[in-house]
Structure formats: structure tokens, C-alpha cells
Amino acid sequence: MTKELNQPLSGNEMPRFGGPATFMRLPTGEITEDIDVGFIGIPFDIGTSNRPGARLAPRQIRDESRMLRPYNMATRAAPFDTLQIADLGDVAINTFNLNSSMEIIESHYDQLLSCDITPLTMGGDHTIVLPILRSLRKKYGKIAVVHVDAHADVNDHMFGEKIAHGTPFRRALEEGLIEADKVVQIGLRGTGYSAEDFDWPREQGFRVVTAEECWYKSLNSLMDEVRAQIGEHPVYISFDIDGLDPAYAPGTGTVEIGGLTVPQGLEIIRGCKGLNVIGGDLVEVSPPYDTTGNTALLASNLLFEMLCVLPDVEYRK
Ligand code: MN
Ligand code: MN
């Protein structure tokens, strides 16, 4: 290997509050075959139903990623030792037109995938997972999904609209984008439009793990089961920050009490190590409701953890 690998700009070269506001202070990059992993922002929140603001999240997540150093001290993952990683900027969505934005996002990801770039996405509201899955489906066939969320996001419609942030996993199933018996939804809770709201995904074959099933315990054994269930199948991680409790992640649009803890969120992502992870997203951060910046800080760390479980990452002894 002769190419120089990008490294995050060190805090010993430039103060962490200075320098470029890219993800992890990485170099920016173009969509080319030289890039292995790309961090991409989608400043989109016109699919959201309650508090808006996720359009501002990619910039805020980048800013709060400034403290991230290249090595994972818990797992010894060393992603920057072997992979060419860059911040590939934002998708130029049309903020006045949801349907046209779906097409813009899908064709952007088609380009990324044609260069074999693994996408790690900063949302945006959860609507964005639909065009991403549409694109991934063309390359990988039906996708397995590890979906962390307070909500199942399987509504048939919202306010009469088929595409919104509460519908993407029903559309994905209808369109044959995802492998129903390899979809795991973790952290679901709260109130429903009907008592049967979480039965529909179960009837389709999804594994639904409610927040209550996660309370007071480690999720390591759950993730053992998830790895056995998904096996070698290409799997996508879709992490809605509202899966975590609002005590940790208040800066989001659709808040539900009694959520997962930060260590549980880490266990879920770290528990994906060994799976054939083909990409991931972190969605629904809303900076206007994130007065401390901690929600975006958490989001940036969770994206780094996703990077650390990609298949080609090496682990230091
Ligand atoms: Mn969601
Ligand atoms: Mn949610």
C-alpha cells in the first residue's frame, strides 16, 4: 500500500476549537475509488412530525466530533491505520421538495456505492434511511438492519403522506429493500396510536426488542443473538438518537421517556463487530433542542463506534 491515509487533525497540531469543522477534523474528499469510508451529512428535516431542527445536525455533529481521537481505547480499533476515510460533505437536498430530495439522496448514494465507499451518514431526520436503503439494495440485495429507535417507524402514512420520518421501514419492506427476518428493532417504547402498533413489525418477521426488555441490563447477550440471527448477511445500522433516553439525548424531535442508556447504545454498536456492516446512519439530532451540545457529542461518538466495527478495521493487540 503506497497511498497516504487521511488522519484526523491532532489536538497537538491545532487546538481542538480551531481548524476545519469536518467530522473528526478529517480532510474533505471527493467521491472517488480512493476513499474506503465516507462521512456524509444530509441536512434534511422536512419529513419530521414534531420538533424540527435535524437539518442543522450534520454541522453540529461535526463540531462536537472535534474531541474524537483516532484510536478506540475500549475495543483497540484502529480504523485510520488501514482505511482511507474522509468527510465527503453534504447531500444537496431540495429543502422545498421531499420527493425530489428522495431522488437526490438515492442518486448520491448510487455514486458513493459505485466507488465502493462505505457510507456513514449524519442525518437529518429518519426519512433519509429510505433512499439510502433503496441505493444499498441495488448493490447488495435485501439488507439486514439493526435499527435503534424509540419508534418502529412503520406507519402506513403520516398525515396522509407515504414518505415521512415515521414510515421508512414499512416502505422499505413493501419495496423489498430489507430482509424481514433479519431486521432487529431495539428500544421501542412510549404510547401508540393503537395497542397493536408494535405487533405489525413482529408479524412481518422483525425482531422487536422494547426498551422495557432492555432496562437494567447489559445488551451483550442480545447482541450475541443478533449476530447469530444476521450471520454473514449485509447489514445496515440505523441509529435514531431518540432510542436513547432523553436524559442523555434531549436534543431530538420526538422525545420518549424510559429509553436506553449510553452504555447500552455502545454495546449495540460494538456488538455489531463481526457482522458484514455495509453502512450506518445517526439520525434525528436536533441542535436547537440540544442546549449543551451533548446530544450531538453523543451522536459523533456513536458514528465513530460505527466506523470501528466496519469489516476491514484492524484491532491493535
Ligand atoms: Mn426513527
Ligand atoms: Mn424515533
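Let me begin with how the model is to be read. Residues are numbered from 1 along each chain as its sequence is written, while chains are lettered from A and ligands numbered from 1 in the order in which they are written. Because the model is predicted, local features need pLDDT of at least 70 and side-chain atom pairs count only at pLDDT 80 or more, whereas totals for chains, interfaces and linings use all residues; side-chain values use heavy atoms, with hydrogens and water left out.

I turn to the overall architecture. The protein has 10 helices and eight strands; helices (H or I, at least four residues) and strands (E, at least two) are DSSP runs, numbered from the N terminus. For 317 residues a compact globule would have a radius of gyration near 20 Å, and the 18 Å of this protein agrees with that. The radius is taken over C-alpha atoms, and the globule rule is 2.2 Å times the number of residues to the power 0.38. The C-alpha trace spans about 55 × 45 × 40 Å along its principal axes.

Of the 317 residues, 56% count as buried. Here buried means under 20% relative accessible area, exposed over 50%, and partly exposed in between, with a 1.4 Å probe and protein chains only. Among contacts (heavy atoms within 4.5 Å) between residues at least 6 apart in sequence, 77% join residues at least 24 apart. There are 28 positive and 45 negative side chains, and the centres of the two sets lie 4 Å apart. In that count Lys and Arg are positive and Asp and Glu negative, with His and the chain ends not counted; each charge is placed at NZ of Lys, CZ of Arg, CG of Asp or CD of Glu.

Next, the metal ions. Which residues hold the manganese ion that is ligand 1? Its protein donors are H126 through ND1, and D149, D153 and D240 through OD, lying 2.1 to 2.2 Å from the ion. Donors are N, O and S atoms within 2.8 Å of the metal (3.2 Å for Na, K and Ca); water is not among the atoms, so sites may look incomplete. Along the chain, the donor residues of ligand 1 are spaced H-x22-D-x3-D-x86-D. H126 lies in the loop between β3 (118-122) and α4 (129-140), and D240 in strand β7 (residues 234-240), so this pair ties together parts that are 114 residues apart in sequence. Both H126 and D240 are buried.

H151, in the loop between β4 and α5 (168-174), and D242, in the loop between β7 and α9, link parts of the chain 91 residues apart. H151 counts as buried because its relative accessibility is 16%, and D242 likewise at 3%. The two manganese ions are 3.3 Å apart, and D149 coordinates both.

What surrounds helix α9? The buried residues of this helix (residues 262-270) are Q264, G265, E267, I268 and I269. They pack against β4 (143-148), β5 (178-188), α7 (211-214), α8 (220-230), β7 and α10 (294-308).

Strand β7 also contains P234, which is buried at 14% relative accessibility. P234 and I143 are 91 residues apart in sequence, yet 5.8 Å apart in space, C-alpha to C-alpha. Beyond residues up to four places away in sequence, P234 touches Y140, I143, A144, N276 and I278. V129, in helix α4, is buried at 0% relative accessibility. Leaving aside neighbours within four places in sequence, V129 is in contact with P168, F169, Y236, S238 and D281.

Finally, the backbone. Most residues other than glycine have a negative phi, and most peptide bonds are trans. A cis peptide bond joins G123 and G124, with omega about 10°, and G124 lies in the loop between β3 and α4. R25, in the segment before β1 (37-41), has a positive phi of about 55° although it is not a glycine. F159, in the loop between β4 and α5, also has a positive phi of about 55°. Are these two residues buried or exposed? R25 is buried, with a relative accessible area of 2%, whereas F159 counts as exposed at 86%.
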